[in-house]
Amino acid sequence: MSIPFARREFLRTTAAALVAVLAMPLLGSATASAQDGITLRMSTPASETDQRSLSLAEQFGPAVAGFATYEPHYNGTLFAQGTELEAIATGDLEMSIASAQELATFFPEFSIFTAGYVLQDADHQVAVFRDELFDPFRAKAEEELGVKLLAPMYLGRRHVNLRQSVDELKVMTPADLAGVNLRMPGSDAWQFLGRALGANPTPMAFTEVYTALSSGAVDGQDNPLPTVVDAKFYEVTKQIALTSHLVDWNFIAFSKSVYDSLPEDQQQAITDAAWAAADAGRASQLQKEEELGAFLEEQGLTLYEPDLAAFREHVQNAYLESDLAKDWPEGLLEKINALSK
Ligand code: KDO
């Protein structure tokens with residue numbers, strides 16, 4: 001798969017601009033605060049009650065408070081979903097909760113981390129992130145985009161969440177999703193996953209999904225249970241087919257030029273704080289995933305397990321036969337698989 005022209009052109013000009021930015025003293029990219037500290041603006045489409053937002057606010061913010069002000073912006077109000085990495089690269093933003101799908105729009109090989117049924121669970125994500133196999137990915141994001149990937153955040157097991165009741169449509173195999181208008185986030189990697197599931201994917205920003213579900217503009221969406229609850233999608237849907245098609249993750253993404261401008265002890269504090277937030281967020285998200293099935297059933301939704309073997313086979317074949325897989329480094333899938341316990 002080739003990089004879309006606009007992204008390619010962006011990377012070419014950004015690489016040149018980065019050299020210039022990195023050579024400059026820090027002027028206003030991380031906005032200087034009154035006491036000479038820096039302000040770290042974090043933009044995310046997630047709400048302030050999302051577990052990743054909460055763990056950053058509770059762990060990261062206080063841990064860096066001695067030298068920086070953590071300033072989160074939720075619900076895509078500062079930068080729209082999918083534009084945050086570009087904003088960090090150009091010096092307009094300091095932090096985001098970035099997805100592998102967004103990184104794949106710049107570096108196609110990241111799509112291996114967006115493929116259905118590859119990452120097995122939260123521990124597997126951490127093992128992959130810490131393994132040397134991840135080093136070239138980290139380096140590419142830093143060197144070519146000016147974005148440091150500090151720590152992996154657990155988003156959770158994505159399932160298919162539909163407006164139709166199970167009497168109208170029961171999803172046991174990918175064939176049952178034929179013609180289903182499934183909202184997926186708006187990038188190629190996400191759209192591919194929607195098609196691999198057997199659905200008809202519609203690109204749409206996260207912040208528009210509730211309205212689209214309630215008006216019937218889409219039949220459904222896919223997200224982990226804690227997101228279905230946090231975004232109140234349960235108010236406008238009737239069922240969840242527990243496909244677990246993607247154990248999804250994000251990265252705490254941080255401006256390399258800001259990071260490099262800080263003394264070593266502050267750099268270390270930032271990295272430690274990011275891991276503390278990621279670890280706390282992972283634990284609470286896992287706990288919510290355990291608990292929320294019962295809550296959703298109380299809200300009147302039907303939750304059930306489809307034919308997982310049929311989904312796994314269909315999704316894995318779609319990836320292996322795709323152009324996406326051509327960009328995956330030789331032997332990497334096997335290395336990722338070997339890290340799963
Ligand atoms: C979504 O748009 O469905 C998604 O779950 C994609 C994730 O990568 C992440 O951006 C998330 O939204 C937002 O943080 C909102 O939870």
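Select helix H7 first: its buried residues pack against helix H4 (100-106), strand E4 (147-162), strand E5 (181-184), strand E6 (200-203), strand E8 (239-255) and helix H12 (308-320). Keep in mind that this is a predicted model.

**Helix H7**

H7 runs over residues 188-196 and is mostly covered, with seven of its nine residues buried. Which residues of H7 are buried? They are Ala189, Trp190, Gln191, Phe192, Leu193, Gly194 and Ala196. Colour these residues, then go past the end of the helix. H7 is followed by Gly198, whose phi is positive, near 100°.

**Gly194**

Go back into helix H7 and select Gly194. Its relative accessible area is 0%, so Gly194 is buried. Leaving out residues up to four places away in sequence, Gly194 touches Met184, Ala199 and Pro201. For a distance to check in the viewer, pick the C-alpha atoms of Gly194 and Asn181: they are separated by 9.5 Å, and the two residues are 13 apart along the chain.

**The whole protein**

Zoom out. How many helices and strands are there in the protein? There are 13 helices and nine strands. The protein has 341 residues, and buried residues make up 56% of them. Take the contacts between residues at least 6 apart in sequence: 76% of these join residues at least 24 apart. The protein exposes about 14100 Å², and carbon and sulfur atoms supply 50% of that area.

**The ligand**

Now select the ligand. The space it takes is the largest pocket. Which of the 15 residues around the ligand come nearest? Arg52, Gln81, Arg158, Arg183 and Asn223 do. A polar side-chain atom of Arg158 lies 2.9 Å from an oxygen atom of the ligand. For Arg183, an N or O atom of the side chain is 2.7 Å from a ligand oxygen atom. In Asn223, a side-chain N or O atom is 2.7 Å from an oxygen atom of the ligand. On its own the ligand has 370 Å² of accessible area, and the protein covers 99% of it.

**Asn223**

Stay with Asn223, which is in strand E7 (residues 220-223). Is Asn223 buried or exposed? Asn223 counts as buried because its relative accessibility is 4%, and the cut-off for buried is under 20%. The side chain of Asn223 also makes a polar contact with the side chain of Arg158, at 3.4 Å. Apart from neighbours within four places in sequence, Asn223 is in contact with Arg157, Arg158, His159, Arg183, Phe206, Val228 and Phe233.

**Thr173**

For the last stop, select Thr173 in the loop between E4 and E5. Thr173 has a relative accessible area of 25%, so it is partly exposed. Setting aside neighbours within four places in sequence, Thr173 is in contact with Asp307, Ala310 and Phe311. Then pick Leu308, which is 135 residues from Thr173 along the chain; the C-alpha atoms of these two residues are separated by 7.8 Å.

Note on methods:
Residues numbered from 1 in each chain as written. Predicted model: local features only at pLDDT ≥ 70, side-chain atom pairs only at ≥ 80, totals over all residues. Heavy atoms only, no water. Helix = DSSP H or I, 4+ residues; strand = E, 2+ residues; numbered from the N terminus. Buried < 20%, exposed > 50% of the residue type's maximum accessible area, 1.4 Å probe, protein only. Polar contact = N/O pair within 3.5 Å; in protein donor to acceptor, adjacent residues only side chain to side chain. Contact = heavy atoms within 4.5 Å. Near = heavy atom within 4 Å. Areas by Shrake-Rupley, 256 points an atom, 1.4 Å probe, with all protein chains shown as cover. 1 Å grid on protein atoms, 1.4 Å probe; cavity = no way out; pocket = protein on both sides within 12 Å on 5 of 7 lines; lining within 4 Å. Sits in = over half its atoms within 2 Å of the grid points.
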